[in-house]
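Let's take a walk through this structure and look at how charged side chains pair up. Have the sequence and the 3D view ready.

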Amino acid sequence: MTWAAPLLGIIAAAIAIPALVILYFLKLRRRTVEVSSTLLWKKSIQDMQANAPFQKLRRNILLLLQLLVLAAALLALAQPRMAGDVGGGQRLVLMIDRSASMSATDDPDGRTRLERAKELALERIDGMAEPDVFTQQLTASRADEAMVVAFDSAGEILSPFTADKARLRDIIRSIEPSETATSIDEAFKLAQAQRPRRILLDDRGGTAEQAESVEVEGLVGGPPLSFHLFSDGRVPDLESVILREDAPQAAGDGFEYHTIGEPDAVNIGIVGLRAERDYENPAELSIFVSVQSTDIRPRTIDVELIVDGEGTASVRTLTLPAAEADAQAGGQSGGQGAGIQTPGSGGLVFTLDRPQGLIASVVLRTGDDPAADTLAVDNTGWLVVPPAERISVAVVTRGNFFISEAIAGLPLARLDRLTPSEYDSAIASGSAETYDVVVLDGHIPAGGLPPGRFLLMNAVPEPPFGVLETGTSGTTGILDWSRTHPALRELTLDGLLIARSKQVEVPDESSAIVLAQSAAGPAILELGDADRRALLVTFDVGESNWPFNVSFVVFLASSIDYLGGASGTPGAGGASQQLRPGEVLSARLPQGAAGVELVPPPSAGGESGAQDLSPAGDGSIAFGPVRNTGIFQVRWQGQAGPQDVEDGPRAVRFFAANLLDAEESMTRPAQALPLGSRQVSASSGRATAVRDYWPWLILAALAIMMLEWWIFNRKVYV
């Protein structure tokens, strides 16, 4: 039992109770009056008001009832409550996971994990201390404040710190699920940014000891935060959560993990899906499907392939092995402790003879028992497969053996090797426009780049592409690169050494995108304007060890496929039309496209209805990040490219969004979280809600007051 306003109750009791008792101590002092008739006696006794103190206090039921009424009112004023937390003034950060795995329905009541997480968060809101205004002014006691942060692949502050419980409840109830993977890094940084600003004072006029003391105090960074994570623990980047530890000038942060989900939750989901055309026979299409299961029993399921939504094209049976315990899984990705199951996995391949483009959907048929498969979002995957058309490429070089031989092995419709002078002549005659992609090795045409798609090797174009060549650097290596860009996500650049490269400066106002960074500056960039698009490699591959690594061939193939698809002749995989929830949908439409709109899939509850888009000057569009899986359509009025379809007067381009995340499909909740600063175990119980008793005391006081009024009117005294 705790009291929200004990001081206020004590002060009121010290005034009201003695005042009531004193009224009963007062007595009537009568004076002797002689009357000639008893008719005057009535008038004589009318003065019944007490006018003398200290009569003997007798037993009086009215006094007892009035004391009970007063006691109930005073106790209500002190606001008694039953709560788990006694102290006030806490700053709570409620972090609610709304990622795809939180849509699992393993709750015994059939609710989703997100609904359960919101219920626990609401209980924590109910448990917040609420000191009254009077007590807050006289003591250091303050009301608890809470911030609500929702996260999936990104974080979002839904409410800053506030003590308004009604507002916090409404915000928590409004949280909607998404179908993205999980990342806590951004959400944690957003919460940390709400601390008071750190002020560093330099006391130049004082002693060194004084200056050091001021500096330490300035780095305290406000009161501690109490983090409450409502999640199933399937979070791969927990090492980014570094809490503030106790220090002489500041208390450390708290962290409580409210685990959501049943420990034996079973899920079967698609974790890999891709399409590939045969190099020798592009009409032969293979669709690869990877599936995992968390069931401790072997499972046999049906995998159905549907083409263009026209019904079942093929059904295959897949047997998945039982999930196995892995005692060495503790402390690894997502915080899996010993006893968490390593999923059983398997896969199969569908083969089609289909030179035309298609939209394929793969559906897992796992049975009618919901407990046998608790997550539905990973049971369906989609692929947008472009037509089996090959790309026409020209390699403009003075004899670079590595580039010519690597590209010669790619399945291209046409490959021409040109000298710089031959290519300049082709530009003048207009024949250069027949190439989908041009690889320029150390050469920029005299008039600049013509309209088209280019892979620039050791050749920096002049403005207006927004990059400037500033010199030459010595030996260097790659520090980091984009692992999500279509040209780089299938390879690694670790160990790449460059003897000499061009130094390139990218101004802040430039639209150039740095894809790979070396110690000397940008190494690989993406450039573009209204008529041109290019990938730029700032060094001569002949002066590096890259040609002796398989990643060089993979880069050339991925770059040509990426550029060729953007120009209207997609590569065999259609990678530019595949994305994951949480990513931005981007594309480049044909010139003159108007009335552009994006139509999300019917399942995208938060993204329902067409969205109008405005293309940039070069025809590029961007939407997102998308939050749901399914087929997205970009529709416009104007010319359709080879990878587009015509729907009456409009052209349509399709994009497929799939979860394809093994960690997200691993629905068994983690029992411990390895944060960057400490190990946190799952919370052992439910949040304790504060129960206020003052309303009942008010009702009791009213009931006793009515009894006292009835007795007084009956003039019953003891």
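**Salt bridges across the chain**

Asp308 is partly exposed, with a relative accessible area of 29%; partly exposed is the range between buried (under 20% relative accessible area) and exposed (over 50%), using a 1.4 Å probe and protein chains only. This is a predicted model, where local features need pLDDT of at least 70, side-chain atom pairs count only at pLDDT 80 or more, and totals for chains, interfaces and linings use all residues. Residues are numbered from 1 along each chain as its sequence is written, and side-chain values use heavy atoms, leaving out hydrogens and water.

So who does Asp308 pair with? Its side chain meets that of Arg354 in a salt bridge, 2.7 Å from N to O. A salt bridge here means a side-chain nitrogen of Lys or Arg within 4 Å of a carboxyl oxygen of Asp or Glu. Arg354 is partly exposed too, at 24%.

Now hop over to Asp232, which forms a salt bridge with Arg113, with the closest N and O atoms 2.9 Å apart. Asp232 sits in the loop between strand S6 (226–231) and strand S7 (254–259) while Arg113 is in helix H4 (residues 113–126), so the pair ties together parts that are 119 residues apart in sequence. Helices (H or I, at least four residues) and strands (E, at least two) are DSSP runs, numbered from the N terminus. Both Asp232 and Arg113 are buried.

Next up, Arg500 and Glu543 meet in a salt bridge at 2.9 Å, N to O. Arg500 is partly exposed at 45% relative accessibility, and Glu543 is partly exposed at 28%.
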